[in-house]
Structure formats: structure tokens, C-alpha cells
Amino acid sequence: MAVTELGWTGVPLAMFAGAIRVSTPFLFVSLGECLTEKSGRVNLGLEGTLVFGAMSAYAIAYLTGSPWLGVLVAGIAGSCFGAIHGFISKLPKVNDVALGIALMMFGTGSAFFLGKSFIQPQAPHLPSIDFGFWTSIPQLKVALQINPLFFVGLAIAIAMSWMFRTTRIGLIVRMTGDSSATALAMGYSVDRVRLLATTVGGFLAGVGGSFLSLYYPGAWNEGLSSGQGLMAVALVIFARWSPMMCFWAALLFGAAGAIGPALQSIGISQGYHFFNAAPYILTLVIMIVSISPKRSLRGAPGELSITR
Amino acid sequence: MSDLPISRRRLLQTASAAGVLGASSLGLINPARAAGLTIGLIYVGPRDDYGWNQAHAVAAKALKLVPGVKVVEEENVPETVAVTKTMESMIELDGAGLIFATSFGYYSPYMVDAAKKYPKVQFRHAAPLWSSKDPTNAGSYFGYLDQAHYIDGVAAGLSTKSNKLGFVAAKPISSVLSNINSFLLGARKVNPKATVQVIFTGDWSLPVREAEATNALIDAGADVITCHVDSPKVVIQTAESRGAKTCGHNASQAPLAPKGFITGAEYKWETIYKNYADTLAKGGTLPNMMAGGYDLDFVQNTPYGAGATPEAIKAADAAKAEIKAKKAYYVGELKDNKGNVVIPAGTSYAPYAPWIDSINFLVEGVQGSTT
Amino acid sequence: MTVINPMSSEAGTTLSPVRVFFDQVRTASEYVIIPLLALAVTCILFSGLLLILGQSPVDFFELLWRGGFGTPFSWQNTLTRSSPLILTALCVAIPAQLGLVIIGGEGALVLGGFMAAITALPFLGWAPPAVVLSVMAIAGVTTGAVWIGVVGALRYYRGINETISSLLMFYIAIAIMNFFVEGAFKDLANPNKPSTKSIGDANMIGKIPGMDVHWGFVVGIAVAVILWVLMNRTTFGFAARITGGNIRAAKAQGLPVGLLMISACAIAGGCAGLAGFFEVAAIQGKANASLAAGYGFTGILVAFLARQNALAAVPFAILLGGIAAAGGLIQRRMGLPDATVNVLTGLMFVVLLVSETLYGRIPLFKPRES
């Protein structure tokens, strides 16, 4: 294996590679949350959904030998969690933020409980598509081996923004999120729209979890997520409820996460804690610089409890 | 008569439960007598993490085979007041007479304080921290894994083509730093051009960052990867998929890397726990300090995998013989990677020298910083 | 439009004081009976789960009781575990009255504890313990107050959502603490667990006499009472709750919304910082990575269970402390994984939230119409 040393130029390349490798779970969870929040509900529980999705995908892939079946089951498990959230929050006086925290605890707890015996076995991984056939630089070649779920996520982001902009369904979801009174007046069941949006959102978060356990890093254990689902939910606010912005935010977050290891690999390791915290520092700085009180809530659904 | 055995069993259960409770409240449990002894094992993470905790849990099964001994286990106990309360709960509610605390951070102040509070209970801790100033009912047991990492280094030094070795490490603490240093010194023994690039992830279990670190090391030209994190599965798997060779850590990762696995540094906790079990079965007293490396069979190397070249195997086997004979490999003159002399010429530190326990630098040839 | 105040009309009628008292008890009992009902339902659901797994629910709940509350030892275990939770729950509950959802209290706890530990360093060896501890407490509380106060300021001046910024700042707080604990403030006496220098046994906060519980528990309850009074019996609290109800109306009435937000966040952060101070001064004696033990996140759970009421945070903190205390016993005796109690807590939280929908719906608890 002839590896040419890239030195400093390796850092941007690593960030590019990291963006593609790490972003997919963030993308799926934030798209799921974006849909949910657009309908006027907040589901903070997607961290639990992500973890449960990761566990169930790994277990099913191991037991059946089919990773794609694992992805599907993760999605179905996720939509069950979403449906529970959607169903309970429609009861009067139930706080959707609190319920999300409860389901996060329940989801991670059940995943850890059921997942004990799947930590050690090796499940088959999802395949990747080789887009690096044209280059002879090994680092780039590897960076361009991309999992199909990344493109599925991109396609969903594009489809979702198109849906919100031009389709009838998108309009109904947005209307439910902006003013339940209007939606009610137009004859739509606010609860049903929100239930469906939360269920689909849960499905996406579950699929995001399957990427973690079945592709990258490609193993199941209790430290697998370490808060990625919670962060992805927060990224929706950062992305101002735009699906395409969710895509870019996820890429940015993935790229920033690669800074720490990449700098250490070329010998810059003093203060590595701050490099490793780069995604969080960068997100905060971008928010401070780019958001002003007047514009911050542009795109925010009017019914959302956390933005009122 | 048919119902008698049941009622008798129930009677015995009640009696023994009462006995344990009564004995514990009076502090009458004699740890030297195995019969009726309850042993409490405490883990910092999940028992089946495929790493540090699992290695302990598997090896500690030896204790369960001692007749009359009951083992109770608790996992995911953080290094806070929670471990104090877990130890006390094991003593007060389960009547434990011997506690094994298996994580570094359990020792001070938690275990030391508990040992003072419960002088009749025996405590053992998995790190070489006990000293004669500490309570005599406390103690330490440990395997010097740096010796096995040294063997890894020897094998890796002859298996690399780029002369760049990669090390994914959790935190820059002494036990990790000494493993990194030993790995480099092993590699340099057989390949003076070898260097080790280290990446710290910042915590013991961060799978995504461990995978990223592995990729970054390989992108920077490393072609042999090893690690010191709680669960090395992700690192080994990622390196194998990138076509790099690997050395394991903690337990055998050979099945994860059928193409590139060289060898790995493994604890052999079962030697220690079996030794304890035998002592208990005979009614003997547990020693306060039980630490060792290759010579006492407390550490070992995973059988060579497909990634090890014949000359690497030969050199590594030769190095093993030297280690077993306690030959020093921290030999002066040795500089750290900032250029300071850490061992002057003519001085050397043999395995088990206390000096090795408090290493806080990286030797020359390792790229990385301890802060 | 004439508004008839039901309270005054009731007072004007000839209802006997005894009857009024029983009426009040009856309506108030709603807040006790519904949660108890929810706990019972949780137990039934969880028992079903255990039966599916082939475990005995009777054993489980017996151990839960014994490990958490059944013996004097268990009580002390429970109370010790609950002390930081009271304070971290207040870190969530106070801003929540203004409609702010702060989930990064753990960051304030970690930095508060760290600052408390390093501020003590110049005083060690010559200053009396009372001085050292006061300085540490001030440092811890101030650091926490500034840390979450910044979150409030970012929300008010820059419009940055407080949930996301407090979460981001939690990760940054951990990086700051680790950087200094592994670097400038590393005490070489702990080569394998990077920590600041220990404040020494003489400077440690002792236990409550006759108990194995440190003073943080008492202080936590005192702070909860003070903050309950502040939020429910003062103009500040009244203004804060108006802001939480409708921020536009609050602004229209000329309330200092920005000041209210920032001070509520600062109070919250101060509570978390105080929890960090107790971790250092009563338990560890030094700052290290163990400060981030998840108390801040469990505190979120406690605050929501307590419906953001400062006083109710105390019993719920004790409940969760008890479950945590019993978790170990359940693991040991039944061989169930540690996540079992997380499943139970999650389930209990979900059922309690569902039960919220019952408030005001059960005729028995409704005030009698005159």
C-alpha cells in the first residue's frame, strides 16, 4: 500500500471525508425532527429512537444476515416510538418536550437492555458505492466510498423541501405547524397530521441509527451514539427548519468532527480537547455571528412550544 | 413427607439470609474462610463491552467455582460517590466480605475510605496503587500490559512498510503513555526508523471518534494500527477494512481482522482471579499486592495472525523470552519527544520499576502531546 | 362586561369554614392521588414486562423498596444520591417558568466544580476550612451563574435558542475542564486519573450529624424552598411567570424581560454550580472527569417530573435517587442488566405525563360550584 503523505493538505481532505462518513445519522435524525417540528410538535426523544434503531438494526442484521432488513426494522421500530410520541402528545395538557425526554430515556434504556447480547457478535455491514475509481490518491479513493444511505438522505432532503414548498401535503403540514386553528378551519385533523409527521420522523431517526451500527463506525455498543441524536435535534433549530439547511448543517458538523483527529495525525495535538470540541464551538460561533433577534425565528413553525 | 424438602429448603434459605444479615451487622464475616463468603465485583462499564470490563467479568468466573462462595456483580458504576454506596450496599445488604473494584478511579478516595470504615471487609483494586500507608484490608492486583505492548511493537516494527505506526488512545494518563512508549521502544528495537503517531480521543468509549482517528492515522501514512481504548472493536475493524495491519488490546481481537491482525496485548486476569480463588478455597489470606507481567503469566500476547511476517514472529518470540527474564527495555540514554533526557546514560529501569508506573511523557519517536 | 370572581362569591356565601377546608383538601388531593395512580399503573405495566422476561415482579419491587427505602442504610444511600439532583433539577425548573428549556446544566455543574477546586488552591495550607469552603462555594456558584447566564443573554440579545446553546456549551465546558485538568492544573499525585490537587481532608464538608449524608442535601432543600418562595411569592417570580406565559404581553406591560431571563438563567446556573461545588467539597476533594457523572441530565428528568415546581423537585429527586440506589441491588440479586431501572424510569415518566391529562377532568376533585 503506497500512501503518499499529504501533510497539511490532508486536513481539508479529512474534513471532506469526515463530512461524508459522519453526517448521515445527523442528516436522518434532523430531517425527521424537521418534519415533526414543521407540523408543530417537538420530539426531543429522537436520541432514544436513534439508539434503539442502531441496536435493532444490528440485531436483525446479525440474526438474518441481511443488513438492509436491519435498516428496515430500525425504521419500523423508530416509527413505533414516533407514533407513541404522536399519540400521547395529542392528549390535552401533555407537554411534548417532556414526553420527548421520557421517550429518550425509555428508548436508550430498552436498547441497552435488549442489546447486551449483540455487543460481541459481528453483523454484516451495509455495502458502499465506489466513486473513487478515477483517482490514484488512496486517501481520496477511500473518502469517495460512499454509503447509499447518504444519497437517500440527500434525496429525502431535496424531496422534503420540494414538498414543503409546492405540494398540498407540504402545505397541510406547514399550516398545522403554523396555526392549528387555520388547519382546523380548513377541515384537517391537526392531531392526525402531527401523529403522521412524528411517526415518519421516528422512521427516519431509526434509519439514522442503523447507519451507525451497520456502516460507520459499524458496531453496536452502549457508547455508540454519545448524544448524536440530541445534537441532531438541536441542529434543526440551527438549520432554521429548512431540510436543505439540515443537509448542510449535518455536513458541516461531520466535517468539523474530523478536524481533531486530522490535526493530531499530522502532529498537532496540543489542546486536542478543543479540536475534538470543534463541532460544538463552530456551531455556537456560527449561530452567534449569523443570527440576529429579528431573523432568528424566520421559518419557525408558529405552534412550536420551544420557540414561542 | 413429600412437602418436607421444600419447606426445609425454605427454612434454610430464611435461616441463611438471617445469618448473613446478622453477621454483617455485627461485622463477623471472616474473609479468610471461604465458606459463606460473598464477593462483590464492581465494573465501571457494561460487563459485556468486549473490552476491559468483559475481560474482568469472564476471568472472575473462577471465583464462582469456589465452593461456598457467592458472587454478586454490579456494572456501570461511575467513579463518584456511587461506587462508595455500591460497596456499602454490597456489604450492608448482601453481606459481602470481599470486594473487587475494577476501575482506576475507584481507589482514592472511595475504596480507601470504605476500607477504613469497614476494617473487617477485604478490598482489592485493579491497579498498582496500594502502598503500605493504606489500610491493610485493602490491596491491589494488576498486570503490566506495557510488556505485551512492547512485544506488539517488536512485531509491528518488522511488519510495517511505511515505518509509521498509529496508536489510538483514550487519554494521556500514565498507564496509556507507558503502553504507547513500550510500543515504540519495541518497534525501535528491531526497526530504528519506526515512529508512532498517537491520536487521543478524549474518552474511553467514543466509537465514532475512534473510527475517525483510525482513518486519520491511515490517511497520514500509518500502516499498522493499535489502540488503548475500552473496547477496541471499532478501531480494529476500521483498520482492517482500510487494509492496514493491526495489533489488539485488552482481549483477543483476532477474529475481527482475518487479513491484517499481527498480535495483541492481552491481560490474563484469570491467572490472578484463579490465584485468589485457590487462596480462598484453602482458607488462606489474600496478599495486599499482586502485580506482575509476562514472568508471572499476568499478561500475554494474542496468537499471531495473518498480518505477522515470519521475521516479526521470530523477533517477537525472542523479545518475549527477554521480558520473561526481566530484561530492561527502558534503557538510558532516553529522551522524551520534547528533547529532554528522561533516563540518563548508564541507567535503566527493569520491568516493574515503580518509575514506570508514573510515566508522564512520550518518548522520542512518538508524535503526539500529553496535553 | 362584568366578571364574577368565584372566590369572592364563595367567601360571601354561608359555607362553613370546615366545609371550605375539606373542599380545599379534596381539590388539593388531586395533585397527590393522580401521581400515585400513575405510579401504580407504571408498576403494573412493568410487572407485565418482567413476567414476559420470566422474572418475578414481586422480587423486583421488594428489592426496589429495600434497596431504595427499606433500611436506614438504603435511605442514606438514596439521600446521598438525590442531593445533586435537587440542585440540577432547579437549574431546569427556574428558567422553565419563563418558558426556557435549559438542558445543559451539566456544563455549569462541571465548570462550577472545577472552578471551586482551583480557586481553593492558593488558600490551602494556611486558611481555615471555613474560608476555603466559602471561597470555593462563591467560585462554584458564580461560575455556574455566568455559564448559564450567558445562555440567557444569548437568547435575549442574539435570539439564540437556549436549548441548543446550553447543549453546545455543555460539550465546550467538558473540553475546558479536561484541558486544564490534564494540563496546567494536573496534580502529579494522580498519574492515572488526571485531577486537580486535593483540597485535603481538613477542608472537606462533613456529614450531617448521625447520618452518612453530606450537607449538600440540606442546602439543596433550603435552596429549593427559597426559590419556591422567590418564584411564587415575590414580584420577581410573578413577573417571570407572566413572561413565561406570554412574552409579548410581558414586554407590552413594560416588564424587564431581558433582565428576568438572564437572572433566571443565572440563578439556575448558580444552582448547578453549587452542585458542582458539593461534588468537590463533600465527595471527591478535587476536580476530574468524574464531575460529569450525568447529574445534570437526570436533573432534567426530575424537573419535568416535578412539573417545574421547585418544592416538588425534592421528592422526585429522592424518588430517582432511590431508584438509582436500588438499581445496584436489583442487578446483584436478580442478575438483570443495569439498564433495567432506566427502562422503569422512562416508563414511569411516560405514564406520569399521560396522567397529566387527567387533571381537572375527574369530578371528585373539582371545586364545588355554589
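Modeller: What follows goes through a chain contact, then the spaces, then some backbone details.

Biologist: Before we start, what kind of model is this?
Modeller: This is a predicted model.

Biologist: OK. How many residues of chain B and chain A are in the contact?
Modeller: Chain B puts in 43 residues and chain A puts in 39 residues.

Biologist: And what area do chain B and chain A bury between them?
Modeller: About 3,300 Å², with 52% of it on carbon and sulfur atoms. On the chain B side, the residues that lose the most area to chain A are B:Val208, B:Glu212 and B:Asp219, which together make up 17% of what that side buries.

Biologist: How many salt bridges cross the interface of chain B and chain A?
Modeller: The rule finds two across that interface. In one of them B:Glu212 pairs with A:Arg21, and the closest N and O atoms are 2.8 Å apart. B:Glu212 is also among the residues of chain B that lose the most area to chain A.

Biologist: What about B:Glu75, what does its side chain meet?
Modeller: B:Glu75 forms a salt bridge with A:Lys116, at 3.5 Å from N to O. B:Glu75 sits in the loop between strand S2 (70-74) and helix H4 (81-94) of chain B, and A:Lys116 in the loop between helix H4 (96-115) and strand S1 (129-130) of chain A, so the pair joins two chains.

Biologist: Why would such side chains pair at all?
Modeller: Side chains of opposite charge can pair when their charged atoms come close. Over all chains, the count of salt bridges by this rule is 27.

Biologist: Polar contacts across chain B and chain A, how many residue pairs?
Modeller: The rule finds 17 residue pairs, both residues at pLDDT 80 or more. On the side of chain B that touches chain A, strand S7 (195-200), helix H8 (207-219) and helix H9 (233-241) each supply at least two residues. H8(B) gives the most, with 11 residues. By class, that side of chain B has 19 nonpolar, 13 polar and 11 charged residues.

Biologist: Switching topic. How many cavities does the search find?
Modeller: Six cavities of 30 Å³ or more in the whole structure.

Biologist: Last topic, the backbone. Which residues does a cis peptide bond join?
Modeller: A:Tyr216 and A:Pro217 are joined by one, with omega about 0°. A:Pro217 is in the loop between helix H9 (190-214) and H10 of chain A. Another cis peptide bond joins B:Gly332 and B:Glu333, also with omega about 0°. B:Glu333 is in the loop between strand S13 (330-331) and strand S14 (334-335) of chain B.

Biologist: What about the phi of A:Ser226?
Modeller: A:Ser226 has a positive phi of about 35°, although it is not a glycine. A:Ser226 lies in the loop between H9 and H10 of chain A.

Note on methods:
Residues numbered from 1 in each chain as written. Chains lettered and ligands numbered in written order. Predicted model: local features only at pLDDT ≥ 70, side-chain atom pairs only at ≥ 80, totals over all residues. Heavy atoms only, no water. Contact = heavy atoms within 4.5 Å. Buried area = accessible area lost by both parts, 1.4 Å probe. Salt bridge = Lys/Arg side-chain N within 4 Å of Asp/Glu carboxyl O. Polar contact = N/O pair within 3.5 Å; in protein donor to acceptor, adjacent residues only side chain to side chain. Helix = DSSP H or I, 4+ residues; strand = E, 2+ residues; numbered from the N terminus. Nonpolar A, V, L, I, M, F, W, Y, C, P; charged D, E, K, R; others polar. 1 Å grid on protein atoms, 1.4 Å probe; cavity = no way out; pocket = protein on both sides within 12 Å on 5 of 7 lines; lining within 4 Å. Points joined across faces, edges and corners; volume = space filled by probe spheres on them.
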